[in-house]
Amino acid sequence: MELREDQIERYSRQIILPELGGEGQEKLLNASILVIGAGGLGSPCALYLASAGVGKIGIVDSDRVELNNLQRQILHSIKDVGRAKVESAKDRLSGINDDVEIVPYNIRVNSENILDIIKDYDGVVDGSDNFPTRYLVNDACVLSRKQLFHGGILRFDGQAITILPGTSACYRCLFPEPPPPGVIPSCQEAGILGAVAGIIGTIQANEVLKCILGIGDLLAGKLLIFNALDSSFRQVKVPQDPKCPVCGENPTVTKLIDYEEFCSLRKNKEG
Amino acid sequence: MQATLKVPTPLQKLTKNQAEVKVSGANIRELIEDLEKRFPGIKERICDETGKIRRFINIYVNEEDVRFLQQEETPLKDGDEISIIPAIAGGGH
C-alpha cells in the first residue's frame with residue numbers, strides 16, 4: 001500500500017516521527033479498533049484514533065445524546081441531542097477524517113452478540129459505564145484473544161490498564177469479582193469532571209496507537225491510577241493471577257454469561 | 001512501624017476528608033484494625049464479614065498487590081506507602 005499525497009500531508013506531523021514514519025502510518029491505516037461506548041471515555045479516544053488514521057473504527061452504543069452528556073462527551077454537539085450516539089459519532093469522526101471507515105453499532109453488547117462483533121477487530125477499547133459490561137468485555141476479549149484497552153473514571157479518579165490476553169493480566173486478575181450493585185456508585189450518582197474523562201480516554205487512545213505501532217511500553221501488567229485533585233499519576237503492578245477465573249490455570253469462565261444480577265443500577269439509566 | 005496510607009476518594013468521608021493518613025501495624029490486618037479504631041466504619045468497607053479484603057478492592061504495599069504477597073498477613077515496614085484501590089466502572093456516560 002502506498003500513501004497518497006493527501007495522506008502524506010494529513011499525517012505529516014506524525015510521519016516525521018522516526019518511531020512512526022510511512023511504515024507506521026500504513027500500520028495505522030490497516031488497523032481496526034472497536035470502541036465500546038461513545039461517552040466520556042469513548043469520545044476523546046475515538047477522536048484521536050480517527051485523527052491518527054486508524055483505518056476502521058467500530059463504535060458501539062445504544063443510547064441517544066442528552067444535554068447532560070455534552071459536559072464531557074466531546075463527540076457530540078447541541079444539534080445531536082436526541083440522536084443516536086453512534087450516528088452523531090460517525091458524523092463527527094467522518095467530518096475529521098474521511099480516510100477512516102466508521103462502523104456504528106446501535107446496540108448494547110451482551111453475551112450473545114459480543115464475540116460476533118469483536119471478531120472483525122484487532123483490539124477493543126472499553127469505555128463502557130457499568131460493571132456487567134466491563135466483565136463481559138474482559139471475558140470476551142480473553143476468550144477471543146483480542147487486545148483490550150481498559151479505562152474507568154469516577155469523580156476525580158481514573159484508572160487505565162492494557163490487557164494482552166495470554167501475555168499480561170486481565171481485568172479479573174486485577175479485580176476478580178464485580179462489586180455487588182450499589183456499592184460503587186456510577187458517574188450519574190457520584191459525578192465526574194469532564195477533563196478526567198478526557199485524560200483517561202486519551203491515555204486509552206495512546207495505548208492503542210503504541211500497540212498498533214509496536215513502540216514504547218504498554219500499560220500491560222500495570223494499572224495507571226490518576227487523581228485530578230493532586231494531578232498525580234501512579235502505577236502499581238498487576239501480575240497474572242494463576243487462580244484467575246478466565247485466564248488462570250483452571251478457568252471456570254469458559255463461555256460468556258451476562259451479569260444481569262449486577263445490572264440493577266442500569267435499570268434506572270446509566271452512569 | 002509507621003507507614004502512609006493513600007485513601008481512595010470514596011473512603012475519604014470516613015477519614016475526615018484526608019487523602020493521606022499515617023498508619024501503624026506490623027501487617028495489613030493490624031493496619032486495618034488501627035484504621036477502624038480511628039475511623040469507625042472503614043473496616044467493613046474494605047473487608048467482608050470474615051475479615052478478608054473484598055474482591056473488588058485491592059491493597060498495595062508500595063507497588064505490590066498484597067493478594068500476591070501474604071494477603072492480610074503481608075508485613076509492613078517504616079516508610080511503606082499503602083494504597084487502597086477500588087474498582088471503578090464509570091465511562092462518563
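Which residues in helix 4 of chain A meet which residues in helix 10 of chain A? Point 3 takes this up.

1. **Basis.** This is a predicted model, where local features need pLDDT of at least 70, side-chain atom pairs count only at pLDDT 80 or more, and totals for chains, interfaces and linings use all residues. Residues are numbered from 1 along each chain as its sequence is written, while chains are lettered from A and ligands numbered from 1 in the order in which they are written.

2. **Confidence.** pLDDT is the predictor's confidence in each residue, from 0 to 100. Chain A averages 93, and 96% of its residues score at least 70. Residues 262-271 of chain A stay under 50. For that stretch the model has 26 contacts beyond four places in sequence. Two residues are in contact if their C-beta atoms, placed from the backbone, lie within 7 Å.

3. **Helices 4 and 10 of chain A.** Helices (H or I, at least four residues) and strands (E, at least two) are DSSP runs, numbered from the N terminus. Helix 4 (residues 42-52) packs against helix 10 (residues 194-213) at an angle of about 40°, with the axes 7 Å apart. Axes are lines fitted to C-alpha atoms, for helices over the stretch in contact, and angles run from 0 to 180 degrees between N-to-C directions. From helix 4 come Gly42(A), Ser43(A), Pro44(A), Cys45(A), Tyr48(A), Leu49(A) and Ala52(A). They meet Ala197(A), Gly198(A), Gly201(A), Thr202(A), Gln204(A), Ala205(A), Val208(A) and Leu209(A) in helix 10.

4. **Helices 4 and 5 of chain A.** The axes of helix 4 and helix 5 (residues 85-96) come within 9 Å and cross at roughly 35°. Ala46(A), Ala50(A) and Ser51(A) in helix 4 meet Ala89(A), Leu93(A) and Ile96(A) in helix 5.

5. **Helix 1 of chain B.** In this helix (residues 28-38), Ile28(B), Leu31(B), Ile32(B) and Leu35(B) are buried (20 or more other C-beta atoms within 10 Å of the residue's own; exposed means 12 or fewer, partly exposed in between; C-beta atoms are placed from the backbone). Seen down the axis of helix 1 of chain B, the buried residues fall within an arc of 95°, so they line one face of the helix. The arc is that of the directions from the helix axis to the C-beta atoms. Exposed Glu33(B) and Lys37(B) sit on the face turned away from the buried side. The buried residues pack against strand 2 (20-24), helix 2 (42-46), strand 3 (57-61) and strand 5 of chain B.

6. **Between the chains.** The contact takes 38 residues from chain A and 18 residues from chain B. Strand 5 of chain B gives the most to the chain B side, with three residues.
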